[in-house]
Each structure stands twice: as C-alpha cells, then as structure tokens.
Amino acid sequence: MGYPGLTSSKFNGHVSRSGVVGGTMDQADRVVQLLDSNGSLVDDPQYQSTLNDASLLSLYKDMVLIRQLDIQATALQRQGELGLWAPLLGQEAAQIGSGRALKSQDYVFSTYREHGVAWCRGVDPLDMLRFWRGTMHQPWDANLHRIYGYQVIIGAHALHATGYAMGARLAGRVGTGAADKDQATVAYFGDGAMSEGDVNEAFVFATTYQAPVVFFCQNNQWAISEPTKRQSSIPLARRAQGFGLPGIRVDGNDVIACHAVTTEALDRARAGNGPTLIEAFTYRMGAHTTSDDPTKYRDGTDDEFWSHRDPIDRLKILLRNKGVLTDKIESELAAEAGALAERMRVGARELPDPSPLSMFDHVYAGPDARLDEQRRDVEAILAQGQVG
Amino acid sequence: MSQLTLIGAINQGLRRAMESDSKVLLMGEDIGKLGGVFRATEGLQKDFGEDRVIDTPLAESGIVGTAIGLALYGYRPVVEIQFDGFVYPAFDQIVVQLARMRYRSAGALYLPITIRMPYGGGIGSVEHHSESPEAYFASTPGLRVITCADPADAYWMIQQAIASDDPVIFLEPKRRYYQKAEIDTRAELADVPTMYKARVALEGSDCTVISYGPTVATSLQAARMAAEDGVSLEVIDLRSLSPLDLPTIIESVKKTGRAVVVHEASSSGGVGGEIGLCLMQSCFYYLHAPVLRVTGYDTPYPPSRIEDDYLPDADRILDAVEKTMKY
C-alpha cells in the first residue's frame with residue numbers, strides 16, 4: 001500500500017505512532033487510495049476514479065475555499081465574534097470528496113464539523129456562522145439544502161439518518177432505477193461516535209431494514225483528547241462485518257478515493273442493496289474546537305507527520321503536473337477565497353441577534369398558556385428597560 | 001355503542017388512526033405477530049402489513065431515533081415502549097432530539113410522533129415494570145404529556161395524540177387496562193373535547209381531589225367513601241400533564257377551597273408540587289387549608305409484595321382530605 005501510518009504494527013492491537021490500530025492487515029483493513037501524498041495517481045484493484053480534469057479542479061477549488069472558510073471562522077472566534085468553532089482543518093478531502101458524490105435528492109445528517117459537506121449542499125457560510133455566533137440553532141432550510149443542521153449530540157443523528165432512509169424505502173424511493181428518484185441518506189460522524197450506543201443501534205436498524213443509508217465515519221484519530229485506541233481495538237471499518245454491512249477504509253486525505261468509495265456506497269444504497277460503513281482515515285490537524293488545547297494531549301510529532309500528507313497539496317501537485325491548474329486559475333481562486341473571507345468578516349458582525357421574545361416561538365405547534373404568560377412577563381421587563 | 005376495555009379501546013383507536021391517515025406507522029418491540037405484550041396492537045399487522053406495523057430490534061433509543069427520521073420523511077410514527085421502566089435508554093432521543101426539533105428549526109421541521117407507554121404499578125410485577133416517569137417528560141419543553149384514565153378517553157385521546165403535530169408522550173395506566181366501558185365510537189374525532197382539557201370526573205363541593213391516570217379510579221373510590229360520611233369530593237382527571245389545564249383546576253378549587261393532589265409517582269419534583277404552587281399563586285385567598293399531596297414515596301419503586309403500602313389508596317386520600325377539612 002505504501003501509505004505511511006497505515007502499515008501494520010508488530011504489536012497486535014496496539015497503536016502506531018500515527019494513532020493507527022495495528023494488527024494483521026487483511027483485506028478488510030486495506031485502505032483505498034487513488035492519489036498518494038506525493039500527488040501521484042495510484043491503481044486500486046476495486047475502485048477507479050470517474051472524475052475528469054474539470055471535476056478534479058472543481059474539487060480542488062472547493063477544498064481551498066472551505067479551508068479559507070475554516071480559517072476565517074476560527075479567526076472570528078478568536079476576535080470574539082463567534083462563541084465557538086469546530087475546525088475542519090485536515091479533513092477537507094473527506095468532506096468534499098464525499099459531499100460532491102451526493103445527488104440533489106439525497107439527504108445528509110451531519111455533526112458540527114461538516115462545514116465542507118454543508119458547503120457542498122449549497123449552505124451559505126454566513127448561515128453556518130449563525131449557529132456558532134448563537135443567533136439560531138438550525139440556521140438554514142434543511143429541506144431546501146437537504147442537509148439537516150449541525151448535530152451536537154455525538155451519534156444521535158445516525159439513527160435519524162437511518163429512519164429517514166427507512167422512510168425513503170417505504171415511500172418507494174429506492175431501487176426504481178430512475179437516476180433522479182432513488183434516494184440515499186448519509187450520516188456523518190467521527191471515530192468517537194463509533195462508541196456511542198446510537199451509532200451501533202443505527203447499524204442494527206440499517207441492516208435489519210436494509211435502509212439506503214451510508215455511514216461516513218471520519219476517523220480523525222482524536223475524540224477531543226481520546227485517541228482511537230480508546231474507542232476500538234480493531235480498525236473501525238472492520239466493525240461493519242459484525243453488523244452485516246460492508247465496511248470500507250479509505251484514505252481520508254485523498255479526495256479522489258473519498259469520492260469514489262462514497263459514490264459506490266451511495267449507488268448501492270439507492271439501488272436498494274443496503275447500507276455501507278465508510279471509515280475515512282484522516283487526521284484532525286487543529287483543535288477539537290476553539291476551546292480545546294491539543295498541546296495538553298498531543299506532542300506535535302503527529303502534526304508534523306500529517307502535515308506532509310495534506311489533502312489539498314497532493315491534488316495541487318497532480319493538477320499542476322497535468323497542466324490543469326495554471327497560475328491564472330490559482331490567482332483567480334486566491335481572489336475568490338479572499339472575497340469569501342471578506343464577506344465572512346463583514347457578514348458575521350452584521351448577523352442580527354434574535355428578538356428576546358423569539359425565545360418563546362415554536363416550542364409547540366399551537367399556543368401555550370404558560371408560555372404566553374411568560375412572554376408577557378418578558379415583554380414587561382423589556383418595556384421597563386426602554387423606559388429606564 | 002361498543003363495550004371496550006381500556007386496552008381494547010387503545011387497539012381500536014390505533015386502528016381508526018391508521019385507517020384515516022396512511023402515514024401513521026406503528027413501531028415497537030413485539031407489536032407485530034404477538035400484538036404487543038399487552039395486545040394493544042393485536043391484529044393490526046395482519047390488517048395493515050409489516051411496513052405499517054413494524055417489529056423493531058430491541059433498542060429503545062434506536063426505535064425513537066429512527067422514528068424521528070421517519071417523521072422527518074413525512075410519516076407519523078406511533079412508538080410503543082414496552083414498559084415504563086424501559087424508556088430510559090431512549091431518554092436523549094426523547095428529551096433532546098424529539099422535544100426540540102420544532103424549536104431548533106424555528107418551526108421549519110416538526111415531529112408528529114406519539115410515544116405510547118404502559119405505566120404505573122399495582123400489577124404485582126417485577127422490578128422496572130411499575131414506574132411512573134411522567135415528571136421527567138412533563139418538565140421537558142416541547143413535549144406534550146397525556147394520560148388517560150378510562151376506556152372512552154383512551155379511545156379518543158390516542159387518536160388525538162396521533163393527530164397532534166407536537167410530539168406526545170401517551171401514558172397508559174396498565175392496571176386499568178381491563179376496565180370496561182361503553183363507548184360511542186360513531187362520533188367524529190373533531191367533535192370530541194380536546195385531550196388538553198381536564199375532566200371533572202365527579203362534581204362535589206367540600207374538597208377537590210386532583211388526579212390522573214391510574215389514581216383517578218382510586219380517587220373516585222375515595223369520593224364514594226367520603227360521601228357516606230357526608231363529605232362531598234370533587235374529582236378532577238387532569239388528562240394532560242403538559243400543558244396543565246390550570247383554569248379547570250382553579251375554578252374547582254375556588255369553589256371548594258381545598259385541594260388534594262394524588263399520583264403514584266414520587267412526591268419530590270412531581271406534578272403535585274407544580275399544581276400546589278400554581279394553586280397558591282392563583283387561589284391564595286380562596287384556600288381554607290394548604291394543598292396536600294398523596295403520592296408514591298421518594299423511594300425507587302418497591303418490590304411488588306409491598307407495593308400496596310407504596311401506592312396511594314382510598315384511605316390515604318381520605319386521611320389527606322380529613323386533614324384539609326380539619327385545618
């Protein structure tokens with residue numbers, strides 16, 4: 001395979017320097033890779049990329065832009081404009097590769113780190129910021145973008161995705177063969193979520209009902225301070241076998257491979273052939289959130305190791321070598337990224353606070369006497385404040 | 001008119017809800033061929049098929065979590081939790097996910113899910129089969145918490161709960177499952193009084209006994225005994241624990257000047273405390289005596305051989321009534 005950090009350790013069940021669970025590398029543990037960290041295309045016995053040069057360039061632009069989005073949001077948090085931010089740095093390929101494999105009719109349930117997937121679904125970055133600034137819990141139209149809002153409770157949405165996919169099956173939106181009709185649902189979560197009961201129950205329900213759902217686990221090797229070895233003694237993808245669904249490990253920093261394995265899993269789901277677990281092996285280059293301090297639990301050697309396996313750099317080398325990525329395109333892209341950053345800097349500060357009285361809205365379908373009374377209390381307090 | 005047991009009324013109510021809305025699905029453990037451990041869903045899978053009466057894996061969080069996904073897809077799931085004591089693995093899905101969907105999406109998404117649950121003790125069963133967890137749910141914004149006390153209410157209120165666009169925790173008093181009554185099932189659902197309105201189960205003048213679910217029958221028994229001693233009790237069946245129908249309670253207590261709240265659940269942090277404080281706020285000058293509670297004790301549910309000492313009975317209710325009368 002030649003993928004550093006993914007070779008087996010002689011200490012079965014122990015963790016290598018890069019946090020990878022070792023043991024015998026059987027077929028189930030192999031890592032699908034189509035673009036290596038030097039920017040060279042790699043043959044895989046099972047997967048081929050269907051992406052043409054224009055598509056590859058488009059993925060590259062996506063990754064550059066969401067990295068800019070991530071850097072800007074992190075800066076805005078540091079400036080006190082956001083209450084919190086969960087950086088995606090290092091996970092651009094996993095999110096863009098999988099996110100661009102989706103069809104418009106598919107539906108996504110994601111965690112608080114999938115800004116790149118939300119980007120692929122057409123969510124405005126300023127809407128993403130509403131959540132982190134604390135102006136709205138679910139700041140975009142989930143039905144329009146077909147991605148539900150950020151889920152903070154670890155793993156809870158794996159069940160929602162499974163139920164949604166069960167709904168698609170009941171509604172006959174699976175296995176018809178019509179390209180724009182068959183629907184898949186994707187649940188994004190991390191390595192830590194693999195320990196949650198809800199994720200494991202989701203695997204049980206998904207296989208029991210052959211739900212058209214894809215479980216996309218970004219194993220970034222750290223659940224805040226807990227390494228993957230605290231979650232599993234075997235590679236995460238191997239867990240799938242015990243539940244009776246295909247499990248695939250993919251190089252999460254290889255956008256081409258992430259796109260290929262997700263496309264195949266989505267096709268399988270839409271065709272009515274059931275769920276898939278994808279483990280995208282990647283690395284969280286930044287902190288868990290802006291409140292986290294990884295220097296308390298990581299010594300920096302892994303950061304150095306993974307900095308040479310950057311998901312954007314390798315595609316850049318490939319596109320440069322192909323002559324697809326020119327200086328002109330690079331400078332246009334830099335200008336686009338700059339404009340995005342500027343829009344976020346200005347826009348974040350202009351996001352309106354909700355009205356205090358809006359806290360009483362949408363608790364129930366209809367009016368509620370107790371809430372109406374409390375709303376009147378707050379109205380009175382606000383009125384006093386204006387007088388004072 | 002049909003004569004139905006309370007469990008039979010639930011069964012017929014579910015059937016009618018499924019007939020009137022093809023989006024209604026039933027989900028739960030053992031609800032298909034077996035018809036549920038209490039037979040609430042008997043015959044429904046045979047008539048509506050395995051896609052609408054779904055036998056699920058044994059995972060309560062999984063059942064509620066997938067019901068949420070199905071509801072987002074446009075279905076109207078009715079979940080059976082087999083016993084009160086089995087609901088806790090689904091707690092996050094209920095109080096964090098289900099209860100908040102409408103709020104967190106600012107009204108864009110909603111979850112018309114009903115969670116049915118047999119609850120309460122008095123059936124001589126083993127641990128975890130006799131609990132009264134209603135206070136957890138009643139104190140959770142976004143949930144509606146409903147409980148029926150007789151077959152007619154069971155028949156209509158389960159249909160109202162399913163038709164509700166809010167998530168409803170629907171608590172069924174399992175020790176009253178075989179109580180029978182005549183029900184006029186020909187009425188239209190829209191013409192039946194809302195489940196959110198409390199019911200004056202017995203009119204009286206000396207003291208108001210406020211109860212719900214399994215202890216409504218106990219309160220009515222106490223009222224009959226009190227009447228023999230010349231004391232007139234008004235018995236209110238709350239029916240809805242969230243929202244509470246305070247106007248009905250307040251009107252009654254302003255009339256009688258005395259109130260005793262009765263429930264099986266523990267005293268501390270319970271519905272009784274909430275009602276007592278609301279009455280103090282609204283009826284302070286009308287009260288002749290402090291509001292009292294007759295409840296289960298602040299212990300875990302005891303072994304069943306001593307549950308009769310734990311559960312509120314007519315004698316304990318009458319003792320409380322006497323205290324308020326003599327205050």
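Guide: Leaving aside residues up to four places away in sequence, Val250(A) touches Val31(A), Val32(A), Ala257(A), Cys258(A), Val261(A), Ile278(A), Ala280(A) and Phe281(A), where a contact requires that the C-beta atoms, placed from the backbone, lie within 7 Å. This is a predicted model, in which local features need pLDDT of at least 70 and side-chain atom pairs count only at pLDDT 80 or more, while totals for chains, interfaces and linings use all residues. Residues are numbered from 1 along each chain as its sequence is written, and chains are lettered from A and ligands numbered from 1 in the order in which they are written.

Ile278(A), Ala280(A) and Phe281(A), among the contacts of Val250(A), bring us to strand β8 of chain A, residues 276–281; strands (E, at least two residues) and helices (H or I, at least four) are DSSP runs, numbered from the N terminus. Six of the six residues of β8(A) are buried, that is, 20 or more other C-beta atoms lie within 10 Å of the residue's own, with 12 or fewer counting as exposed and values in between as partly exposed. In a regular strand the side chains alternate between the two faces of the sheet. Here Thr276(A), Ile278(A) and Ala280(A) point one way, whereas Leu277(A), Glu279(A) and Phe281(A) point the other way.

Two strands pair with β8(A), pairing being defined as at least two DSSP bridges between them. Strand β4 (213–219) of chain A is joined to β8(A) by six bridges and runs parallel to it, with Gln218(A) having Ala280(A) as its bridge partner. Strand β7 (247–251) of chain A is likewise parallel to β8(A), through five bridges, and there Ile248(A) stands opposite Ile278(A).

As for confidence, chain A averages a pLDDT of 92, and 92% of its residues score at least 70, on the predictor's per-residue scale from 0 to 100. Residues 1–25 of chain A, however, have a pLDDT below 50, and where pLDDT is low, the predicted coordinates should not be read in detail.

Note on methods. Two residues are in contact if their C-beta atoms, placed from the backbone, lie within 7 Å.
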